[in-house]
Structures are given as structure tokens and as C-alpha cells.
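Subject: Structure handover

Hello,

The structure is below, with notes on what was found in it. Please read the notes alongside the model.

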Amino acid sequence: MRSIWNGAISFGLVSIPIKLVNATESHSISFRQIHTEDGGRIRYRKFCELEDREVTQGEIGKGYEDADGSIIPITDEDLSSLPIPTAKTIEIVAFVPADRIDPLQMDAAYYLQASGAPAAKPYTLLREALKRSNKVAIAKFALRGRERLGMLRVVGEAIAMHGLLWPDEVRAPEGVAPDTDVTVRDQELDLADALMDTLGEVELEDLHDEYREAVEEVIAAKAAGEALPQAPEPATGGKVLDLMAALENSVRAARESRGEEAGEHAEVKSLPQRKTARAAPKQTGGKKSASTAKKTAAKKTTASAKKSTAKSGQGTKKTASKSTAKKTTTKKSTPRKRPA
């Protein structure tokens, strides 16, 4: 790996010659700007505004613009002779537990490579001291025109350094959290807990950039004159109104994706019961309920008896009416005898 900086680690009175190499690399696909009408490349040319001509890279230097607009030229020699100890040295200033470092401060990562055989012994000493202490080293160093903060830790058999943002470069999360009062029920937390357990862990090595792969497929298809791959239909999900139902469906879908039985229920871990100041229910409640039940039953019995009596009366009246009607009909149908 190509080094981007040469210097030394200052560990008290011990100096360790090292080379700084990038620990990460980008695999993102880069595009060129083109003229959409004919596909011609769009390039940026650097012109000197005083001479109105294009200049080469070798003619370009650095300058600081003062408040009145004047430019103060600054050369690499000016920066190399800065009166600070970190110009060519990674100066370790403290050793702290790793959990003291806020992940928001993490920046670029580098490997510190021992430079030559004389650096092997002190390099190994620092590495083993970091291992045994279970701590990380906080250091200051200068790179690319400014002093930076770094964190040294052991990765395998090497020492890695993470660039850190200065504490005043990390913004406070003001206005980010919801500004409304929200109550989360224990049942919702239990289901969220079950969903976390169902999703389980993942090997980070198994994760890959699907977006980059899809872009590569599009590029290959266009180069070959083939049809572009079609995007899958988006999931048609309605607006989630019931959080509990959404959590239950999520647990079920996660279990199915892991090849588990769809009918099985995820284990829901109940949260510890919260202590409340509610008074115990009164014992007289049962007596009231019993007396109320008796009264209700008595009312129902009386109502049923009344209904039965009413029905019986109606039936008797109907029978009597029918009998009367029959008698009347019989009398009308009998002819009267006339005298001879």
C-alpha cells in the first residue's frame, strides 16, 4: 500500500518511525459530465484572472485571502516549518477506555506501518501495551494543512488510527428529537424486543453494496445494447395506523425470512413491572357485584313472568273470539221454518 505521510509516533521519550497508509477504499462508481447532445466531455479549465490564460498544475499554489481581499501566498515550505510538535509527529497525549470516544467523532481510518527494522521493537511494544490495557491512545497530528485529533487502536497485529473530529466540530442534536409527548406502552416495547431478537445478528462480511451492483448491470446492458433490468414492483403498503399490528407483522415476516415456521410465535420478553403508587382495589367490590347480579336476575325473572302472562291472556282472548265467531256463523246458516 502506498503511504500518504511519513513521520513518527511520539510515545513519551520513545519515537517510532511510521508510514501512514489509507485503511479504507471507495468502490463507488464515478460518472463524467458530458454534453447531452453529442456526448462530448465537459472539462474544467483553470484560468489566471490577471493574465486571462489557462495555467498548468505546476503553476498553481496556495494563498490566503485577507479581509481586505488581498492574497497572501503560502508555500509548502512555510507550512513544513510550523512551530508545532505535530508537524511530522503523531503525538500521543493520553490513554482512555474505548467507550469514552463518541462514534460521531469518527472520521477517516489509517494504518500505521512500521518504517524499517529499527521501528519493529517500539511498534510491537506500543501494540502489546494497548492490547493489555484494553485502552486506546488519543493523539494529535498534522495532515493536509491542519492539525487533527486521532485515536490509535489495535487491529489484528497492526496499529490503526482513526481521525477524530474536534469536540466543537460535532453539532448538538437540537431540534432533532420529536417535540411532542409520546407514550410507549410496555406491550409495544415487548414486541420491539421480540423483533430485535428475531432479526438477530449479521456477519458484516456478508453485506454488500446492492446499489453499485445494480448500476454496473445498467452500464453493462447499455454497453451491449440490451434491455435495461426492470426494477421490482414496490411494496404496496397502506398507511400504518396500528403500531402493534405493524410490529407483529414485522416479527412474523422476519421469522419467515429466516426459514422458521410461520405459525410459530416469537418469544416476547416481558419488561420488568413498574412500581406505581396506585391503591389496592377495595374488597367491597365483590359484594356490590353480587347484589347487583341478584337484582338483575330478579328483574329478568319478573319481566319473563309478565311476558308469559301477557301471552297467555292474548291466547285466551283469541280462542274466545274464534268460538264466538263460529257460533254466530252457525246461527246465520240455519234457515227459519215457515208456517204451512
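Two strands are said to pair if DSSP finds at least two bridges between them. Helices (H or I, at least four residues) and strands (E, at least two) are DSSP runs, numbered from the N terminus.

This is a predicted model, in which local features need pLDDT of at least 70 and side-chain atom pairs count only at pLDDT 80 or more, while totals for chains, interfaces and linings use all residues. Residues are numbered from 1 along each chain as its sequence is written, and side-chain values use heavy atoms, with hydrogens and water left out.

Confidence

pLDDT is the predictor's confidence in each residue, from 0 to 100. The protein chain has an average pLDDT of 78, and 72% of the residues score at least 70. Contact here means heavy atoms within 4.5 Å.

The barrel

Seven strands close into a barrel with mixed pairing, in the order β1-β2-β8-β11-β10-β9-β7. Neighbouring strands of this sheet are turned against each other by 40° on average, direction ignored. Helix α2 packs on the sheet and touches β1, β2, β7 (89-97), β8, β9, β10 and β11. The direction of α2 makes about 85° with that of β2; axes are lines fitted to C-alpha atoms, for helices over the stretch in contact, and angles run from 0 to 180 degrees between N-to-C directions.

Strand β1 (residues 3-11) and strand β2 (residues 14-22) run antiparallel and are joined by eight bridges. S3 stands opposite V21 in β2. The hairpin of β1 and β2 has two residues between the strands, and G12 takes a positive phi near 65° there. β2 also pairs with strand β8 (residues 106-114), antiparallel, over five bridges; V21 has Y111 as its bridge partner in β8.

A137 has L152 in β10 as its bridge partner.

R127 is found in helix α2 (residues 120-133). R127 counts as buried because its relative accessibility is 12%; buried means under 20% relative accessible area, exposed over 50%, and partly exposed in between (1.4 Å probe, protein chains only). Leaving aside neighbours within four places in sequence, R127 is in contact with V154, E157, A158 and I159.

Regards
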